[in-house]
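The stops below go from one selection to the next.

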Amino acid sequence: MSNRLFTKDTQAIFWNNNKSAIQRMLDYDYVIGREKPSVAAIVAPTSSNKFEKFFYGPDEIMVPLYRSTKEAVANHGNADVLLNFASFRTAYDVTMEALDLGDQFRVIMVTAEGIPERLARKMNQRARDNGTLIIGPATVGAITPGAFKIANIGGTIENIINSKLHRAGSAGLVTRSGGLFNELCNIIALNADGIAEGVAIGGDRFVGSVFIDNLLRMEQNPDVKYMILLGEVGGTEEYKVIEAVKSGKIKKPIIAWCIGTIAKHFSSGVQFGHAGASANAERETAEAKNAAMREVGIHVPASFNELPQKINEVYNDLRKKGVISEIEEPEIRTIPKVRKPKNFICTISDDRGEEATYAGFPISSVATPDTGKSIGDVVSLLWFKKVYPKWATDFIETVIKTVADHGPAVSGAHNAKVTARAGKSVVESLVTGLLTIGPRFGGAIDGAAKYFKYANDNDMTPAEFLAYMKKQGIPIPGIGHRIKSLRNPDKRVEGLKKFASEHFPSTPLLDYALEVEQLTTSKKDNLILNVDGTIGILMVDMWRALGYSEKEIDEFIESGTLNSFFILGRTIGFIGHILDEKRLAMPMYRHPFDDILYDVQKAEEIK
Amino acid sequence: MAQKAIREYDGKALFAKHWHEYFDGFKYDFKSVLVTSGDELREKAKLPEYAWLNEEPLVAKPDMLFGKRGKNGLVLFKVEKPGDVKLEDAAKWIEEKQSHEVTLLSGQKGMLTHFIVEPFTPHTQDQEYYISATVVDNDDVLYMSAEGGMEVEEGWEEKVNEVRIPINMSDEEMEKAVRANVPEGIPDEAKGRFAAFAIQFFKFYRDLNFAYLEINPIVMIENNAHILDLVARLDDTAGFMMREKWGDIEFPTPFGMEDQSPEEKAIAEADAKSGASLKLTILNPEGRIWTMVAGGGASVVYADTIADLAGVKDLANYGEYSGGPTTGETQFYAETIFDLMTRYKDPRGKILIIGGAIANFTDVAKTFTGIINALEKWADKLKEHNTKIYVRRGGPNYEKGLKDIKEAAERLGLYMEVYGPETHVTDIVRMALEK
């Protein structure tokens with residue numbers, strides 16, 4: 001692994017939601033038949049989306065989106081390449097933050113051009129100390145044909161196939177320029193059998209990995225049979241390669257050329273090419289470097305125009321010697337010309353196969369009693385896309401049964417009954433009942449979970465929690481009952497607590513809530529933990545025990561998942577009340593006058 | 001280019017602006033003026049803050065980014081004897097130097113436009129020290145010598161102490177290294193003071209993102225630092241972080257390079273406004289071979305190849321367009337080149353190279369639409385100059401781009417040969433010259 005830059009399993013985190021570049025990576029993945037997409041996740045600090053859709057061949061896939069590198073790393077421990085597409089203003093910070101996260105990243109590619117030189121030097125040194133390979137700054141990237149390609153390198157899919165970048169050849173290629181990288185790949189495909197690995201090291205003066213770093217790795221990479229180096233006027237990096245050839249550290253043949261021979265004709269002032277390309281001394285000129293390379297036996301053509309013949313010569317020689325053998329051209333998948341993005345996404349069930357499934361489980365495998373599965377199991381599949389353990393599905397079922405009805409007088413049931421008596425259908429009557437569910441009716445489940453969790457997360461003592469809620473001006477959700485008290489406990493609550501103590505692995509939030517209850521009931525006897533509170537709190541304990549992160553649980557609360565249990569359960573009761581009305585054939589309801597306080601003033605005219 | 005030279009005056013002004021923050025225990029009287037004529041100097045002398053111009057003996061020299069002014073006889077420090085230059089002497093001297101073109105020993109020539117005038121600092125040769133800092137390979141290097149002035153350049157190896165400061169070296173280590181390397185030639189009683197100054201000098205150089213900073217000579221009289229001569233380059237990529245510290249600093253064109261032509265300026269302005277890259281340098285306005293090349297690397301290999309095969313005299317321009325310019329931007333760039341290349345006749349006719357490597361993401365057909373629009377406008381002129389056009393390009397949508405431009409040339413009656421990625425990138429230069 002260490003001597004191959006990338007493999008077919010390499011995955012990257014892409015910093016910046018650069019859709020076209022990411023799409024090109026995924027198109028490449030599809031063409032070469034990768035199993036996993038090469039982009040594991042995207043970091044987009046200002047986006048509030050959770051994923052971005054991309055095409056994968058004719059289909060679409062979702063790539064998760066995170067707001068920070070840290071989050072992305074936490075969820076994708078195997079992605080060891082960071083593609084830093086931040087601007088020159090922030091690219092340094094993004095790289096340093098990634099390096100601070102430890103040794104997750106083996107390779108960091110930095111695309112920005114013109115990072116302040118001092119910052120670039122700090123970043124490069126830090127990466128070196130960390131053992132991380134930096135590609136760039138100011139680069140189009142790197143590619144291991146047939147395995148992994150960074151962003152736009154290689155250009156279009158058509159060009160990639162023409163330049164044989166879809167499968168491994170035998171040359172190792174290192175250039176400064178990104179534009180000429182593509183060109184060289186084309187030349188190598190026309191005059192030899194393509195490349196096994198290629199890196200454009202970047203055009204800025206201070207780049208992370210230099211020619212020698214990449215060539216030494218390629219020397220150790222068995223896929224690379226010979227190497228091609230395209231240098232530039234300016235700098236002395238080529239001399240390190242010359243030293244390595246002299247000392248025998250590099251034994252594979254190298255073909256090299258330094259561009260910028262034009263610079264000698266102009267004493268100063270004209271900047272040819274990249275920021276890194278400016279000769280400060282005779283030995284930094286393209287001529288001097290080309291001559292010095294030729295002297296140690298590196299294959300140097302007479303001019304750039306003759307580079308193709310030189311490559312062809314060396315390649316044919318290696319073929320003759322048997323170092324390089326014939327490459328079998330692999331089959332490639334083609335990408336459809338027209339692809340239409342899907343308007344809807346479904347991740348919970350699928351009706352396309354032999355039998356419809358719930359999160360991958362055929363309905364028949366969870367429906368009948370002999371499967372041993374309950375409504376709780378179906379909820380865990382369709383709501384959470386997970387197979388919950390029995391104690392959790394039993395708990396869900398217990399909750400649904402517990403909240404199924406609470407008599408005709410509560411506002412939802414009352415509404416449903418009034419509507420049914422107006423001659424409306426079951427569904428119409430049901431929704432009028434459901435529409436009352438919210439912050440005042442049924443909402444205590446959400447509220448209790450939210451506030452108790454917040455207090456517990458922030459290590460508030462029960463007394464601090466009470467003070468906090470008082471300051472907020474909110475009565476504590478889930479605390480208090482009209483008639484029940486410590487001496488006259490709510491049997492439903494007793495039941496839930498008993499189930500939890502017998503079956504939950506642990507109940508930290510319930511334990512905390514009971515401490516709070518001790519304090520509240522010491523003030524007033526009926527300020528007990530009520531059924532809504534118990535359900536909300538135990539749901540949090542359930543999710544914690546199931547291994548969800550605090551953030552995921554917060555998202556469940558935010559998105560109204562807890563309320564959903566109430567909606568689901570109480571629907572059973574509402575339908576009961578509606579059917580009851582239908583059965584009784586009760587007439588249209590009209591509220592009696594004497595139950596209304598009339599206090600109507602004549603409207604004032606505003607002039 | 002990331003490193004840009006600034007005027008001596010501006011460099012000294014940066015020292016003055018940040019002196020109290022960096023140079024603890026030293027004083028610096030920033031007495032310098034930058035003028036563009038003798039009259040401007042006379043006017044400045046009427047202002048109360050420049051009263052010293054009337055009161056003190058003066059030194060005057062051009063401030064135009066070139067060195068060795070002493071050797072070029074371009075430093076006025078005496079009329080009869082050192083230290084007798086008065087305001088009117090300096091003003092007249094400036095007027096005389098501006099009355100004709102100046103040729104330096106290096107061969108650069110041009111008109112002198114900017115002068116720095118300062119008080120004459122009486123001192124002896126042994127009070128002149130040398131200090132500079134820059135980046136060598138990946139490290140900062142601080143150079144110190146007990147011998148300043150022109151002397152230091154002869155026998156550099158023996159006279160100058162170097163301190164290499166890797167980017168991750170701590171301040172304590174750096175300070176220790178500087179103290180351990182104070183040049184022998186500095187008198188013992190001044191060594192501590194010099195080390196303290198050198199350390200602060202380095203921090204100033206580092207924090208203000210200089211790429212090169214040299215004071216030669218620096219004269220230390222007690223705790224007064226006299227910066228007699230200064231050369232400085234800034235890392236202009238750090239500009240976005242240094243807005244406050246640098247202020248509104250000027251990066252002048254180096255002396256000897258004629259000011260940019262209006263066409264080069266127009267392209268530079270378009271470049272500054274665009275997300276793409278547009279660069280143009282005119283090398284020889286009467287040159288025979290003109291290039292319009294996409295991409296920084298490709299533009300260099302075309303220039304190399306033309307110089308190799310035709311000779312550098314025939315190469316008219318250097319430049320590139322890249323980074324996905326719009327159709328409009330490409331048309332403007334092309335028209336500028338067509339305009340320039342149809343100003344002087346060449347009996348052999350003109351060659352236009354529309355070249356480029358295989359693009360990574362630039363839409364070739366889109367940029368070629370811009371070139372075609374420009375060809376339509378300039379076809380007659382190009383024909384008048386007997387222009388042969390050679391096109392080579394690859395990348396996204398290149399088939400359409402090549403087909404479109406070929407059709408346009410046929411319609412307009414222009415001589416054009418068109419090649420794609422199957423032809424070696426610079427081979428069109430050879431073909432053009434063999435015709």
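Which domains does the domain assignment of chain A give? The assignment, which is automatic or taken from a database, gives domain 1 (12-320) and domain 2 (361-402). Colour the two separately: their centres, taken over C-alpha atoms, are separated by 52 Å.

Before going on, note that this is a predicted model, in which local features need pLDDT of at least 70, side-chain atom pairs count only at pLDDT 80 or more, and totals for chains, interfaces and linings use all residues. Residues are numbered from 1 along each chain as its sequence is written, and chains are lettered from A and ligands numbered from 1 in the order in which they are written.

**Stop 1: the six-stranded sheet of chain A**

Select β8 to β13 of chain A. They form an open sheet of six strands with mixed pairing, in the order β9-β8-β11-β10-β12-β13. Strands here are DSSP runs of E with at least two residues, helices are runs of H or I with at least four, and both are numbered from the N terminus. Two strands pair if DSSP finds at least two bridges between them. β9 (148-149) and β13 (254-259) of chain A each have a single partner strand, so one side of each has no neighbour in the sheet.

Inside the sheet, β8(A) and β11 (residues 195-200) of chain A pair in the antiparallel sense over three bridges. To see one pair of partners, pick A:Gly141, whose bridge partner in β11(A) is A:Ala200.

Helix α6 (residues 179-191) of chain A lies across β10 (171-175), β11 and β12 (226-232) of chain A, at about 155 degrees to β10(A). Helix α10 (residues 307-320) of chain A lies across β12 and β13 of chain A, and runs at about 170 degrees to β13(A). Axes are lines fitted to C-alpha atoms, for helices over the stretch in contact, and angles run from 0 to 180 degrees between N-to-C directions.

**Stop 2: the nonpolar cores**

Select A:Ile188. Leaving aside neighbours within four places in sequence, A:Ile188 is in contact (C-beta atoms, placed from the backbone, within 7 Å) with residues including A:Gly169, A:Leu173, A:Ile228 and A:Ile311.

A:Ile188 is also among the residues with the most contacts inside the largest nonpolar core, which has 161 residues; A:Ile13, A:Leu83 and B:Ile353 are others in that group. Such a core is a set of buried Ala, Val, Leu, Ile, Met, Phe, Trp, Tyr and Cys residues joined through C-beta atoms within 7 Å. A residue is buried if 20 or more other C-beta atoms lie within 10 Å of its own, exposed if 12 or fewer, and partly exposed in between. Helix α12 (residues 364-384) of chain B gives the largest share of this core, eight residues. Apart from it lies another core, of 42 residues, with A:Ile400, A:Ile445, A:Val516 and A:Leu527 among them.

**Stop 3**

Most residues other than glycine have a negative phi, and most peptide bonds are trans. Go to A:Asn16, in the loop between β1 (12-15) and α1 (19-32) of chain A. A:Asn16 is not a glycine, yet has a positive phi of about 105 degrees. Is A:Asn16 buried or exposed? With 20 C-beta neighbours inside 10 Å, A:Asn16 counts as buried.

Next, A:Asp459 lies in the loop between α16 (444-457) and α17 (462-472) of chain A. Its phi is near 55 degrees, again a positive value, but A:Asp459 is exposed, with 7 other C-beta atoms within 10 Å.

Then select A:Gly136 and A:Pro137, which are joined by a cis peptide bond with omega about 0 degrees. A:Pro137 is in the loop between β7 (133-135) and β8 (141-144) of chain A.

**Stop 4: chain B and the contact**

Chain B has 14 helices and 18 strands, and 40% of its 435 residues count as buried. Select B:Asn216 and B:Pro217, where another cis peptide bond is found; B:Pro217 is in strand β10 (residues 210-221) of chain B.

Finally, show both chains. How many residues does the contact take from each chain? It takes 44 residues from chain B and 45 residues from chain A. On the side of chain B that touches chain A, α10(B) gives the largest share, eleven residues.

Technical notes: Contact = placed C-beta atoms within 7 Å.
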